[in-house]
Amino acid sequence: MIALAGVSAHRVEVQAIKTLIVMVLLVIGFRVLGKREAAQLNLYDLAMLMALANAVQNAMTGGLGNLSVGLATSSTLIVTTFVLTRLIVRRPGLERGLVGSPVLLVHDGRVLTQRLRRNLVSPGELDEACRQHGVEGAGGCSLAVLEVDGTISIVPRAVTKDDGRPATPPPAGPAVSTAVPTPTATAPRRSGASWRARRAGRGRRRGQG
Amino acid sequence: MPDGAEVVLHQVFDHPSWHGSGVIALKTLVVYAFLVLGLRLLGKRELGQMSIYDVVLIIILGNAVQNAMINNDNTLGGGVVAATVLLAANRLLNVVLSRSARAERLLVGEPVLLVSDGHILAEPMRRQGVTREQLDAALREHGLDGLDTVHSVILEVDGTMSVIPRGTAVLRTRRHYRGLRLP
């Protein structure tokens, strides 16, 4: 076979097994030493990833540039990833072990410093995530959760009333109550809700007619 | 145990000598420290603002330092040693960054205040190279159409702009942004 020229089938098998071992060790290594918030990689994390990929290259290929070795190692990687993904989907317990579970970082404006440290989230990164959600700082969060995909979700606290913005929503227009007599009588008097109610009522009427 | 399986095991779990492993570990550590310093000197710390050329640079950097790390070592053990050192060094850096605000400011950068209470701060805008068009685009992205509805706009360390509308919970954290000390 041309694809196997220059290297024995036995050698290709050995490299495939080595690739599998490297992959498994990397998964364990990232779980133990890696950073949870993968969505917020900094420049040095990216550089580390690139250097890491090259550092394990020769351990996988054995320094061989043959096509057969390349195909064997890359297909081993793809199959391993596929199996791992299927396993994670099948067993939630395994997902907790390999990917982790969501971590509460802020509760009612109170920053849980210990958890921040354990998950390697700096206070600056937490504040940044808050601002990206339009909250000025961690104190303005009702909840901040480090999700398993590495992003930080923010649930803001209730809006304060110090800026002159009307605290109550504007009253619904007069046309709303006349459009559908019965269903909107009990609906909350907010323009959005009544608009939806009106649409629903209209659809229902059309269906009956 | 049959002879063939033993040979395969021996071929799979090959490793450099203790001395060789130590050399690989030290070299990898030096390379990582050099990469951190070099990228810091590059000046571009904003991942979100990286162009395709910056990404290419980092990929090429990874290839350039490969042989310096593992020293043409083709064994499984050598790769595992180098990978472990890289992961551990990066972990250490992230521990330092998450605990020391000073180290974070030095290596990752500081967020910069661009708009304060609806007023554009011209000097930080100019120094960060943010144009009025980019600012307006960030406002539109957040569904705001004018500066009068904006409490503050902050250029984050990852290069994105955060927009805080008026009427959010007011907190005393603004001293964290560079640029507020300006008049």
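1. Start with the sheet of chain A. Four strands form an open, antiparallel sheet in the order E2-E1-E3-E4. E2(A) and E4(A) (152-156) are the edge strands, each pairing on one side only. Strands here are DSSP E runs of at least two residues, helices are H or I runs of at least four, and both are numbered from the N terminus. Two strands pair if DSSP finds at least two bridges between them. In general, strands of a sheet pair through backbone hydrogen bonds, either parallel or antiparallel.

2. A word on the model and its labels. This is a predicted model, in which local features need pLDDT of at least 70 and side-chain atom pairs count only at pLDDT 80 or more, while totals for chains, interfaces and linings use all residues. Residues are numbered from 1 along each chain as its sequence is written, and chains are lettered from A and ligands numbered from 1 in the order in which they are written.

3. Now the pairing inside that sheet. E1(A), residues 103-107, runs antiparallel to E3(A), residues 141-146, and four bridges join them. Val103(A) has Leu146(A) as its bridge partner in E3(A). Val106(A) is partnered by Ala144(A). E1(A) also pairs with E2(A), residues 110-111, in the antiparallel sense over two bridges. There, His107(A) stands opposite Arg110(A). E1(A) and E2(A) form a hairpin with two residues between them. Asp108(A), in the turn, has a positive phi of about 55°.

4. Which helix packs on the sheet, touching E1, E3 and E4 of chain A? H7(A) does, and its direction makes about 60° with that of E4(A). Axes are lines fitted to C-alpha atoms, for helices over the stretch in contact, and angles run from 0 to 180 degrees between N-to-C directions. H7(A) is mostly covered, with nine of its ten residues buried. Among them are Leu126(A), Ala129(A) and Cys130(A), but also Glu125(A), Asp127(A), Glu128(A) and Arg131(A). A residue is buried if 20 or more other C-beta atoms, placed from the backbone, lie within 10 Å of its own, exposed if 12 or fewer, and partly exposed in between. Gly134(A) follows the helix and has a positive phi, near 80°.

5. Chain A as a whole. There are ten helices and four strands. From the N terminus on, the order is α-α-α-α-α-β-β-α-α-β-β-α-α-α. The domain assignment gives domain 1 (9-98) and domain 2 (103-156). These bounds come from an automatic or database domain assignment. The two domain centres, taken over C-alpha atoms, are separated by 30 Å. Of the 209 residues, 29% count as buried. Among contacts with a separation of 6 or more, 51% join residues 24 or more positions apart.

6. The interface. In chain A, 54 residues are in contact with 62 residues of chain B. Two residues are in contact if their C-beta atoms, placed from the backbone, lie within 7 Å. On the chain A side, H1 (9-33), H2 (43-55), H3 (57-61) and H7 (123-132) each give two or more residues. H2(A) has the largest share, twelve residues. By class, this side has 26 nonpolar, 16 polar and twelve charged residues. Ala, Val, Leu, Ile, Met, Phe, Trp, Tyr, Cys and Pro count as nonpolar, Asp, Glu, Lys and Arg as charged, and the others, Gly among them, as polar.

7. Which residues touch the most other members of the largest nonpolar core? Ala47(A), Ala51(A), Ala55(A), Ala82(B) and Leu86(B) do, in a core of 34 residues. A nonpolar core is a set of buried Ala, Val, Leu, Ile, Met, Phe, Trp, Tyr and Cys residues joined through C-beta atoms within 7 Å. H2 and H3 of chain A contribute two or more residues each, as do H2 (18-42), H4 (66-70) and H5 (76-99) of chain B. H5(B) gives the most, with eleven residues. Leaving out residues up to four places away in sequence, Ala82(B) touches Ala55(A), Ile24(B), Thr28(B), Met69(B) and Ile70(B). A second, separate core of 16 residues includes Leu121(B), Val150(B), Val153(B) and Leu155(B).

8. Last, the sheet of chain B. Its four strands form an open, antiparallel sheet in the order E2-E1-E3-E4. E2(B) (119-120) and E4(B) (161-165) stand at the edges with a single partner strand each, so one side of each has no neighbour in the sheet. E1(B), residues 112-116, runs antiparallel to E2(B), joined by two bridges. Ser116(B) has His119(B) as its bridge partner.
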